[in-house]
Amino acid sequence: MDRSKLFSMVLPFVKPDWYSCMFLTERAEEGKSSLSRQRDTTDSHTSPGFVKDDNIQSSPKTVGNGFVDDKNKQTNDKKVENAYPWDQSSLKSLQVDLKKFKQLDDFASQQVSTRSSVEVLVKELLQKAQTDLEKLRAIWIWVTHHIEYNTEAFHDEGLRTGASEDVLRTGKAMCPGYTGLFKEMCYFAGIGCVEVPGYSKGFSYVPGKPFSRDPDHSWNAVSLEGSWHLLDSTWGAGNVNSNCSQFTFQYHEFYFLTHPALFIGNHFPVEEKWQLLDSRVSLSQFENALLKKSYFYSIGLLSIKPNVSLIKTVNGKVTITVKSQSPALFTHTLNKKKECGIITLTSDGMSLDIYPKSTGIHQLKIYTNPFDATETYDCVCEYQLQCESVHKEMKLPSAMMNPVGPSWLTEMKGLLQPSQCSPIVYTQDGRCAFRFLLEKDLSFVLKLSLENVNVSDDLSRHVFIYREGNWVEFKIQIPRAGMYLFTIFAKEKTALEKPPFFVCNYLISCSNPSMQWPVFPLVYASWQQEYELVEPLSGVLPAQRTLQFKVKIPGVEKVLVGSRDTQELSVSSDGYWTGSCSTAGCKDLTVMVLHKPTDSSYSLVLQYQVENN
């Protein structure tokens with residue numbers, strides 16, 4: 001894209017009205033999940049100390065979908081590099097290979113300590129830099145690694161200064177100090193640089209709140225290879241705590257030559273030309289747009305819908321969808337609690353359904369973490385959620401752990417081709433089954449729970465496991481209507497000493513009040529998951545009845561059913577043991593097996609209760 005023809009303009013002086021902090025990192029200790037801790041990283045902002053410069057050059061003119069080359073008066077009809085919305089091609093406005101900067105970055109961040117003057121500092125920094133891009137990189141790295149945010153000046157106006165010599169001497173600055181020093185260092189490096197005043201979404205930003213008339217922040221625009229590019233060394237340097245009393249260096253690469261379509265997400269310049277966008281964004285659009293924090297893009301997320309800061313429920317529900325370049329894990333908080341939400345992972349993102357318990361305005365935060373990374377989840381965005389009506393039927397279990405439903409995570413744990421692909425399974429007859437293809441040799445621990453269930457109720461007896469070859473099936477028959485949480489844990493049989501790991505969650509919903517299934521039969525340790533129970537499935541049998549039994553127990557010599565009197569089952573050609581047994585005069589019935597002809601005793605595998613007469 002030819003942007004070589006630039007024209008001169010004078011950027012007006014803008015007086016700042018207040019100063020605020022830069023980059024806030026807040027640990028969201030509320031509601032630690034079993035997966036992780038959460039970190040709420042709030043992008044910062046500081047007020048500008050903008051200096052008038054009569055030699056500033058403007059950004060290139062745009063016409064339609066292409067830039068005008070004033071030299072030959074022809075329109076370049078190629079795709080606009082800085083088109084809005086973001087085309088998802090790159091986080092930066094210039095092709096940059098960060099690996100090639102490693103030696104230069106180490107030099108600028110660790111080996112240059114001169115502070116006698118800006119000119120001497122730049123001269124020493126440029127020893128390892130050849131191109132303008134390398135010179136700019138050296139300046140950027142030095143500033144973001146050596147200048148800390150002046151938290152004392154934030155609270156005391158008398159300590160504020162934007163003079164470069166003061167910043168260099170103290171090693172501290174607020175926003176005007178960062179941008180002023182950066183501009184002066186670029187001057188001595190022969191790089192065109194301006195300070196850009198504007199509005200920002202950071203430290204004291206409230207989603208959806210209109211901005212005041214005066215700007216609250218400033219950053220830099222630099223000229224490289226005939227084009228203008230954006231950067232923010234204040235936000236690139238590090239973080240402050242929640243009351244801006246302590247600064248911590250924490251480098252943020254995202255704010256170096258940020259793509260304008262991403263930079264506009266939290267930086268709105270007073271002069272719209274410094275958006276560097278072909279399609280300009282209005283201040284009201286900026287105010288209403290969802291703030292996607294730098295970590296959103298750094299982790300590889302691409303988009304999120306809705307893309308507005310204030311969202312409303314429809315029939316008591318709102319849905320958030322996120323697209324990502326690679327699989328990632330997600331969690332959320334609603335009013336600082338991990339509740340009222342169902343997260344479903346997809347191969348390229350996730351879907352989050354929120355069901356608030358009450359009407360009114362709620363705070364919804366979304367956190368993410370790349371799979372196999374640290375267990376810390378970082379906040380990537382925040383919504384204001386307005387709920388006008390509550391979804392009365394959707395009452396989610398408070399103990400529910402996201403994600404819900406099968407996903408790529410389930411596959412990585414070794415369970416493939418799920419028979420139930422939805423996170424919520426609806427059943428009218430109170431029965432359902434979950435079938436998976438096993439990629440690994442696993443043993444399972446299953447948990448079925450219901451909100452406010454009596455402690456005396458043993459819901460584990462309402463789940464039954466059956467394995468056939470490489471397939472496993474979990475049969476469930478619920479005791480009464482309600483919203484159940486079914487959780488699958490597993491561990492590899494070669495590592496039985498390790499605790500079981502989380503595999504998958506399902507929600508099971510039954511609204512039929514007439515459904516009331518008894519428990520499955522009691523399973524003894526001798527019952528193997530490879531055994532199959534066909535009938536009877538109920539663990540409570542009617543009295544004074546003759547019932548048919550059918551089980552598949554391979555590799556045994558005999559199978560018996562009974563109490564005081566026993567009945568031997570016969571084996572068929574397809575491997576099933578069948579027969580009948582009466583419950584007359586019995587309190588319980590037991591299924592027993594003789595493993596070998598030489599065994600002197602039977603092993604108990606199943607036990608049934610018999611109803612009272």
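This is a predicted model: local features need pLDDT of at least 70, side-chain atom pairs count only at pLDDT 80 or more; totals for chains, interfaces and linings use all residues.

Me: How many aromatic pairs does the structure hold?

Reply: It holds 25 aromatic pairs. Rings of Phe, Tyr and Trp (its six-membered ring) pair if their centres lie within 6.5 Å; planes under 30 degrees apart count as stacked, over 60 as edge-to-face and the rest as tilted.

Me: What makes Phe254 and Tyr255 an edge-to-face pair?

Reply: Their ring centres are 5.1 Å apart and their planes stand at 90°, so the pair is edge-to-face.

Me: Why is Phe254 called buried?

Reply: Buried means under 20% relative accessible area, exposed over 50%, partly exposed in between (1.4 Å probe, protein chains only). Phe254 has 7% relative accessibility, so it counts as buried. Tyr255 is buried too, at 0%.

Me: Why is the pair of Phe474 and Phe486 edge-to-face?

Reply: The centres of these rings are 6.1 Å apart and the planes are at 65°, so the pair is edge-to-face. The pair links distant parts of the chain: Phe474 is in strand 27 (residues 471-477) and Phe486 in strand 28 (residues 482-492), twelve residues apart. Strands (E, at least two residues) and helices (H or I, at least four) are DSSP runs, numbered from the N terminus. Phe474 is buried at 0% relative accessibility. Phe486 is buried, also with 0%.

Me: How do you know that the length of helix 3 agrees with expectation?

Reply: The expected span is 1.5 Å times one less than the number of residues. Helix 3 (residues 132-146) has 15 residues, so it should span 21 Å; its end C-alpha atoms are 21 Å apart, which agrees.

Me: Why is helix 3 called largely enclosed?

Reply: Twelve of its 15 residues are buried, so the rest of the structure largely encloses helix 3. Among the buried ones are Trp140, Ile141 and Trp142.

Me: What makes His462 buried?

Reply: Its relative accessibility is 5%, so His462 counts as buried. His462 is found in the loop between strand 25 (442-450) and strand 26 (463-468). Leaving aside neighbours within four places in sequence, His462 is in contact (heavy atoms within 4.5 Å) with residues including Leu448, Lys475, Trp517 and Phe520.

Terms used: Residues are numbered from 1 along each chain as its sequence is written. Side-chain values use heavy atoms; hydrogens and water are left out.
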